[in-house]
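Me: I'd like to learn how to read a fold step by step. Could you walk me through one?

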Amino acid sequence: MVEDSRHGEYKVPGGKLLVADLTLDEGRLSSVRLSGDFFLEPDDALDAINQALTGASIALSTADLTERIQQALPEGTVMVGLSVPAIATVIRRALAGASDWREHTFGLIHRTPESPALHMALDEVLTREVAEGRRGPTLRVWEWDRPAVIIGSFQSLSNEVDMDAARALDIEVVRRISGGGAMFVEPGNTITWSLVVPETLVEGLSFVESYAFLDEWVIQALGDMGIRAWYVPINDITSEGGKLAGAAQKRLNGAVLHHVTMAYDIDAERMMKVLRIGREKLSDKGIASAGKRVDPLRSQTGLSRETIIERMAASFGERFTLTPDDVRPEELSAAQALAESKFQSETWLNRVP
């Protein structure tokens, strides 16, 4: 009989790498070996965890595995860089055949400024291309050709945006395919990117866990630039100077679109004229008054926007395989057609009036 072996890895957000090597026999874990660069006391806790998982049904949920591990831990067990739920997660990832960052080659796309509608369309087209296997995982940096407000797929247009103010200030309003809140962007003041990956990369993770997982490299890249940043569930990255970024996701046919907007320099007064958001919601963005500019990345790094983008891409490339890439002619044609038919249409913009 051929041994059914499985391997899974999980970088605990803010913690250490956790690795699981399993063998399966008739729907159960016949052996389990956990390893990683975490800290665990006492020494026999690792054996206790491995033994507790051996014999478990492969159908157990993450919650069931968590309970099984918890009951087996020696009294006084101390974990640093990992947790019981993280152990359960890496087991589920191994069982699901999840892929690892290092198994993929990521293409880096960074084009000249483009319209908001075309950016929305490129996200959808490239995600479908990754899902169909015609394109590999892709990191795309956006450049904006005009100021814009991008609302989430399920947001009410009238509740979120003052359209009269937007027209008066010549700010374009578009709706994206992912959920989440409204984004206010300006050329030169915003850093936006999309990470499009096969769903295998987040197999075994909950929806919430996948946000932290796909943003972990960002936390590390910011740390390389001297910013102590951390993840705030469900979709924010923040620092002592206030919120730095917000993420949103959409899953299409086996691919995950994870896009993030970071604030380099915000014209808060202009933003508040267009967005119908109160002071309570703005408080977590580090905005104390409507009349001030907020520049969390510029002030905390002292670097230009272009340098930050370069350093973030370099940080990604140091950890994973990143190669220069571009949108293919057929992808661009499809995106241009989709921008016109969908993302510039009043029907799509007003899908939630």
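Reply: Let's go from the whole chain to the sheet, then to a hairpin, a helix and a single residue. Keep in mind that this is a predicted model.

Me: Fine, overall picture to begin with. How many helices and strands are there in the protein chain?

Reply: The protein chain has 13 helices and 18 strands. Its radius of gyration is 22 Å, close to the 20 Å that the globule rule gives for 353 residues, so the chain is as compact as a globular protein of that length. Along the principal axes, the C-alpha trace spans about 70 × 45 × 35 Å.

Me: What percentage of the 353 residues is buried?

Reply: Buried residues account for 51%. As for the surface, the chain exposes about 15,400 Å², with carbon and sulfur atoms supplying 49% of it. Contacts tell you something too: among those between residues at least 6 apart in sequence, 70% join residues at least 24 apart.

Me: Now the sheet. In what order do the eight strands of the open sheet come?

Reply: The general idea is that strands of a sheet pair through backbone hydrogen bonds, either parallel or antiparallel. Here the order is 12-13-14-15-11-7-6-18, and the pairing is mixed. Strand 12 (229–232) and strand 18 (321–324) are the edges, each pairing on one side only. On average, neighbouring strands of this sheet are turned by 25 degrees against each other, direction ignored.

Me: Which strands does helix 7 touch when it packs on the sheet?

Reply: Helix 7 (residues 207–224) touches strands 7, 11, 12, 13, 14 and 15. The direction of helix 7 makes about 135 degrees with that of strand 14. Then look for helix 11 (residues 305–319), which lies across strands 6, 7, 11, 15 and 18 and runs at about 20 degrees to strand 11.

Me: Back to strand 12 for a moment. How many residues sit between strand 12 and strand 13 in their hairpin?

Reply: Three residues separate them. The two strands run antiparallel and are joined by four bridges; one of the pairs is Val 232 with Asp 236. On to strand 14 (residues 242–252): four bridges join strand 13 to it, again antiparallel. Asp 236 stands opposite Gly 246 there.

Me: And which residue in the turn between strand 1 and strand 2 has a positive phi?

Reply: That's Gly 14, at about 75 degrees, in a hairpin with five residues between the strands. Strand 1 (residues 4–11) and strand 2 (residues 17–25) pair in the antiparallel sense over eight bridges, with Asp 4 opposite Leu 24.

Me: Last one, a loop residue. Is Ser 153 buried or exposed?

Reply: Ser 153 counts as buried, because its relative accessibility is 4%. You'll find it in the loop between strand 8 (148–151) and helix 5 (157–160). Leaving out residues up to four places away in sequence, Ser 153 touches Arg 175, Arg 176, Ile 177, Ser 178, Gly 179, Trp 348, Arg 351 and Val 352.

How values were computed: Residues are numbered from 1 along each chain as its sequence is written. This is a predicted model: local features need pLDDT of at least 70, side-chain atom pairs count only at pLDDT 80 or more; totals for chains, interfaces and linings use all residues. Side-chain values use heavy atoms; hydrogens and water are left out. Two strands pair if DSSP finds at least two bridges between them. Axes are lines fitted to C-alpha atoms, for helices over the stretch in contact, and angles run from 0 to 180 degrees between N-to-C directions. Contact means heavy atoms within 4.5 Å. The radius of gyration is taken over C-alpha atoms; the globule rule is 2.2 Å times the number of residues to the power 0.38. Buried means under 20% relative accessible area, exposed over 50%, partly exposed in between (1.4 Å probe, protein chains only). Accessible areas come from the Shrake-Rupley method with a 1.4 Å probe; for residues, only the protein chains shown count as cover.
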